[in-house]
Amino acid sequence: MERVRAVLYAAPVARAGYLYATGVGLVLGTLFGTGPLRRVDGLFVATGMPRWAFRKGGTCVGGVYLTDTNDAPHVLRHEAVHRQQWKQYGMVFPLLYALAGANPLTNHFEIEAGLEDGNYLPRR
């Protein structure tokens with residue numbers, strides 16, 4: 001099992017997965033977003049997405065954040081952390097995220113990204 005992890009988490013493999021996911025996100029954002037595709041601190045932001053294209057308030061796919069209108073600065077700061085998680089784990093990230101659970105209050109990826117910034121807890 002350690003060998004499998006070593007291969008899946010290896011920087012070149014994770015980077016390839018991140019780049020692939022980013023490409024998929026860019027295609028989705030370009031085809032289905034109605035707002036301008038923009039870049040904020042390295043994160044591509046595609047707004048005006050149809051509801052079926054994302055979960056909760058938005059979804060980070062590689063380095064692309066897909067949402068309808070949920071793009072406040074604090075939310076983009078939260079999504080930038082998910083971008084870094086994608087870069088670290090590559091295509092294994094969606095599986096790891098799912099295994100961490102659907103409850104954002106106990107999902108360590110959401111906690112790391114900031115529960116307040118992600119609108120999971122009231123902002124102070």
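Which helix gives the most to the nonpolar patch? The legends below take up this point first. The model shown is predicted.

**View 1. A nonpolar patch lies on the surface.** Helix H1, residues 2–8, gives the most to this patch, with three residues. Val7 has its place in helix H1. The patch is formed by Met1, Val4, Val7, Leu8, Tyr9 and Val13. Together these residues have about 550 Å² of accessible area.

**View 2. Four strands form an open sheet.** The strand order is E1-E2-E4-E3. The pairing is mixed. Strand E1 (38–40) and strand E3 (58–61) stand at the edges. Each of these two has a single partner strand, so one side of each is left without a neighbour in the sheet. Neighbouring strands of the sheet are turned by 30° against each other on average, direction ignored.

**View 3. Strands E1 and E2 run antiparallel.** Strand E2 covers residues 43–46. Three bridges join E1 to E2. Arg38 stands opposite Val45 in E2.

**View 4. Five residues form one aromatic cluster.** The members are Trp86, Tyr89, Phe93, Tyr97 and Phe109. A pair of aromatic rings is described by the distance of the centres and the angle of the planes. Ring centres must lie within 6.5 Å to pair. By this rule the count comes to six aromatic pairs. The next two views each show one pair.

**View 5. Trp86 and Phe93 form an edge-to-face pair.** Their ring centres are 5.5 Å apart. The angle between the planes is 65°. Planes over 60 degrees apart count as edge-to-face, so this pair falls in that class. Trp86 is buried, with a relative accessible area of 6%. Phe93 has 5% relative accessibility and also counts as buried. Buried means under 20% relative accessible area, which is why both residues qualify.

**View 6. Phe93 and Phe109 form another edge-to-face pair.** Here the centre-to-centre distance is 5.1 Å. The planes stand at 90° to each other. This pair links distant parts of the chain. Phe93 is in helix H4, residues 93–100. Phe109 is in helix H5, residues 108–113.

Technical notes:
Residues numbered from 1 in each chain as written. Predicted model: local features only at pLDDT ≥ 70, side-chain atom pairs only at ≥ 80, totals over all residues. Heavy atoms only, no water. Phe/Tyr/Trp six-rings, centres within 6.5 Å; stacked < 30°, edge-to-face > 60°. Buried < 20%, exposed > 50% of the residue type's maximum accessible area, 1.4 Å probe, protein only. Patch = residues over 30% accessible without salt bridge, like charges linked within 9 Å, V, L, I, M, F, W, Y side chains within 5 Å. Areas by Shrake-Rupley, 256 points an atom, 1.4 Å probe, with all protein chains shown as cover. Salt bridge = Lys/Arg side-chain N within 4 Å of Asp/Glu carboxyl O. Pairing = 2+ DSSP bridges. Axes fitted to C-alpha atoms, helices over the stretch in contact; angles between N-to-C directions.
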